[in-house]
Amino acid sequence: MNLKDSKSKLVFSELSDFKKIAEIDIEKINQAQDLEEWKIKYLGRKSFLTNVLRDIKNYDISERPAIGSEANKIRKFLGNLFEEKQNIIKNNQQSSLGAFDYSLSGRIPNIGRLHPVTQTIREVCSAFSSLGFQIQEGPEVEWDLYNFDLLNIPKNHPARDMWDTLWIDEEEIEGKKMLLRTHTSPMQARIMEKNDPPIRVVIPGKCYRYEATDSTHEWHFNQIEGLAIDTNLNFTDLKGTLYDFARKIFGSERKIRFRCDYFPFVEPGVDMSIDWNNDWIEILGAGMVHPKVLESVGYDPEKYSGFAFGVGVERIAMIRHGIDDIRHFYGNDMRFLSQF
Ligand code: FA5
């Protein structure tokens with residue numbers, strides 16, 4: 001074996017070691033400056049690799065193509081390693097800049113707020129709660145039994161026309177039909193069925209009516225039902241409770257009007273209006289619970305009496321905030337909603 005021969009053999013193992021060391025070295029690098037130094041060391045003019053290629057004539061002629069090809073393969077491989085690392089360092093720098101740029105002013109998060117109707121529901125419920133009423137909720141999809149029959153509004157009763165109804169498109173089940181409740185009054189029967197007197201409860205919730213909308217009527221709106229049952233409740237209790245509620249919500253100076261009204265499930269029945277824009281706006285219907293309703297849930301009307309009322313929430317919000325059209329509440333216009 002001549003000298004050139006043994007030199008060729010040696011260079012292959014040196015190239016392989018060189019490649020391994022270059023790979024190990026670049027692994028540890030995470031600064032651009034260090035990467036530049038790595039490039040000079042392994043790919044620069046004075047690197048072992050450049051020397052091998054420059055001195056290729058010193059090797060055996062038959063080995064030269066193999067050595068040249070191996071050295072170029074390693075040059076390409078290390079060149080790729082360099083580019084990959086360069087990209088990693090660049091990306092790291094960018095993301096750390098983005099995350100830690102303390103000089104930027106903070107972004108103000110868009111914090112939501114309660115809808116004015118929700119705010120009003122809470123205010124009204126808390127007014128009644130301070131008068132000793134508990135708060136309950138009930139189903140929006142209701143049986144006609146609770147919405148009408150148990151409230152002394154039998155089938156074919158003309159009073160059913162007062163609540164033009166959105167019926168659920170389902171077969172009757174055992175003679176019962178489903179609907180979107182037209183008022184919160186069905187909860188009167190549901191609560192009396194499950195509880196014994198004394199009862200003092202308010203029930204907020206959505207109602208739906210198949211009716212044309214105008215500035216004081218929506219096809220869906222919220223009511224707060226009230227129910228009080230005890231052994232000795234009379235009309236002055238109803239009036240006193242509603243006056244107290246009105247004073248809490250509208251202040252003691254606001255004018256209030258009571259008028260007789262007709263609801264089949266109360267006797268006598270009234271409605272209450274509030275002085276608004278030199279006119280009256282009706283905010284609730286009320287009355288003494290009809291003996292037939294007490295009987296239908298198994299209460300003895302000789303022993304128990306009570307009163308009930310149904311407050312229109314949107315109308316109260318309109319009066320409180322000076323809103324001239326009920327349809328603003330459900331227009332989803334942020335210019336309106338962000339005022340509350
Ligand atoms: C009723 O719904 C009865 N259930 C109230 C009641 C309860 C009477 C308990 C006696 C005892 P009325 O349809 O009048 O009644 O509605 C009550 C209130 O809901 C109204 O005074 C009004 O403030 C509100 N309201 C009624 N219809 C609408 C509507 N389409 N849009 C907005 N608010 C309405």
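Among contacts (heavy atoms within 4.5 Å) between residues at least 6 apart in sequence, 66% join residues at least 24 apart in the chain. This is a predicted model, in which local features need pLDDT of at least 70, side-chain atom pairs count only at pLDDT 80 or more, and totals for chains, interfaces and linings use all residues. Residues are numbered from 1 along each chain as its sequence is written, and side-chain values use heavy atoms, with hydrogens and water left out.

What about overall form? The C-alpha trace spans about 130 × 50 × 40 Å along its principal axes. The radius of gyration, taken over C-alpha atoms, comes to 42 Å, while a compact globule of 340 residues would sit near 20 Å (the rule being 2.2 Å times the number of residues to the power 0.38). As for burial, 41% of the 340 residues count as buried, meaning under 20% relative accessible area with a 1.4 Å probe, protein chains only.

On to secondary structure: the chain holds 11 helices and 10 strands, which are DSSP runs of H or I over at least four residues and of E over at least two, numbered from the N terminus. An open antiparallel sheet is built from 3 strands in the order β2-β4-β3, where pairing takes at least two DSSP bridges between two strands. β2 (141-143) and β3 (166-167) stand at the edges with a single partner strand each, so one side of each has no neighbour in the sheet. β3 pairs with β4 (residues 178-180) in the antiparallel sense over 2 bridges, and W167 stands opposite L179 in β4.

How values were computed
Buried means under 20% relative accessible area, exposed over 50%, partly exposed in between (1.4 Å probe, protein chains only).
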